[in-house]
Amino acid sequence: MTDAQRLPGGYELSTDPARIDLDRVHRWLSADAYWAIGRPREKQERAVAGSLNFGVYAAASGEQVAYARVVTDRATFAWLCDVYVDPSVRGKGIGTALVGGVRDHLEPLGLRRVLLATEDAHGVYAKVGFKPLDPPDLWMALVFEQKTGRGE
C-alpha cells in the first residue's frame, strides 16, 4: 500500500464527532459537492450521526477545513463518502492526507474492503491505495431515484 502524504504543519485530523462543524459541512456538501447538491440539513445530520466522521482542523483556530465520512460495520466493510476540502486550502495535500488518515484508522479493523465513488478525484485516492474494482462484473448497485437533485 502506498504511504499517504502527512498533513501539512498547522493542521490536525480528528474523529471526535463533537468537533464537526455541521453548519459548515452541510453548506459545503449541499451547495458545492456535485454528489450532494441540495441535500437537506436533516438528512446530513442523520448521515453524520450514523457514520464515522473525520475532520481536518487548523490547529491555531480550530476551524474545520476538510471532512470525510465512513459508513461501516467496523468488521467487514466500509464506504468512504462525502470527502470535501475547503477551496481555500486545496492544493496543500490535505485531501490526500485526510484519505490516508481514514485508511490508517480503518486498517486495524480487519475490513475486507473499503469502497468509494468519484467522478473526478481518482488520483487522490490512488495515492493511498484505492484501485478500480476488479473484476467489475461482480459488483452491482441498487440506486433509488432522488426527487430533488443528487442530494444522496
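# Rings, a helix and charged pairs

Q: Is Trp35 buried or exposed in this predicted model?
A: The relative accessible area of Trp35 is 18%. The cut-off for buried is under 20%. Because 18% sits under that limit, Trp35 counts as buried.

Q: Which type of pair do Tyr34 and Trp35 make?
A: Their ring centres are 5.0 Å apart, and their planes meet at 85 degrees. Planes over 60 degrees apart count as edge-to-face. That's why the pair of Tyr34 and Trp35 is edge-to-face.

Q: Which type of pair do Tyr125 and Phe130 make?
A: Here the centres are 5.8 Å apart, and the angle between the planes is 80 degrees. The edge-to-face class starts over 60 degrees. So this pair is also edge-to-face.

Q: What class does Tyr34 fall in: buried, exposed or partly exposed?
A: Tyr34 has a relative accessibility of 24%. Buried needs under 20% and exposed needs over 50%. Since 24% falls in between, Tyr34 is partly exposed.

Q: What is the relative accessible area of Tyr125?
A: Tyr125 is the residue whose ring pairs with that of Phe130. Tyr125 is buried, and the limit for that label is under 20%. The value for Tyr125 is 10%.

Q: What span should helix H3 have?
A: H3 runs over residues 94–106, which makes 13 residues. Each step counts 1.5 Å, and the number of steps is one less than the number of residues.

Q: How many of the 13 residues of H3 are buried?
A: H3 is mostly covered. Among the buried ones are Ile94, Leu98, Val102 and Leu106. Strands E1 and E2 and helix H4 are among the elements that cover them. The count of buried residues in H3 is 11.

Q: Which residue forms a salt bridge with Arg6?
A: The structure holds 11 salt bridges, so let's pick out one. Arg6 lies in the segment before E1, and its partner lies in helix H3, so the pair ties together parts that are 98 residues apart in sequence. The closest N and O atoms are 3.5 Å apart, and the partner is Asp104.

Q: How many residues apart are Arg69 and Asp82?
A: Their side chains meet in a salt bridge, 2.9 Å from N to O. Arg69 sits in strand E3 and Asp82 in strand E4, so this is a link between distant parts of the chain. The gap between them is 13 residues.

Q: Are Arg69 and Asp82 buried or exposed?
A: The limit for buried is under 20% relative accessible area. Arg69 has 7%, and Asp82 has 2%. Because each value is under the limit, Arg69 and Asp82 are buried.

Q: What is phi of Asp82 near?
A: Asp82 is in strand E4. Its phi is positive, in a residue other than glycine. The angle is near 55 degrees.

Q: Where is Arg74, whose phi is near 60 degrees?
A: Arg74 also has a positive phi without being glycine. At 47% relative accessibility, Arg74 counts as partly exposed. You'll find Arg74 in the loop between E3 and E4.

Q: Which residues form the nonpolar patch on the surface?
A: A patch residue needs over 30% relative accessible area. Val71, in strand E3, is partly exposed at 36%, so Val71 passes that test. With about 230 Å² of accessible area together, the members are Val71, Phe77 and Trp79.

Methods. Residues numbered from 1 in each chain as written. Predicted model: local features only at pLDDT ≥ 70, side-chain atom pairs only at ≥ 80, totals over all residues. Heavy atoms only, no water. Helix = DSSP H or I, 4+ residues; strand = E, 2+ residues; numbered from the N terminus. Buried < 20%, exposed > 50% of the residue type's maximum accessible area, 1.4 Å probe, protein only. Contact = heavy atoms within 4.5 Å. Patch = residues over 30% accessible without salt bridge, like charges linked within 9 Å, V, L, I, M, F, W, Y side chains within 5 Å. Areas by Shrake-Rupley, 256 points an atom, 1.4 Å probe, with all protein chains shown as cover. Salt bridge = Lys/Arg side-chain N within 4 Å of Asp/Glu carboxyl O. Phe/Tyr/Trp six-rings, centres within 6.5 Å; stacked < 30°, edge-to-face > 60°.
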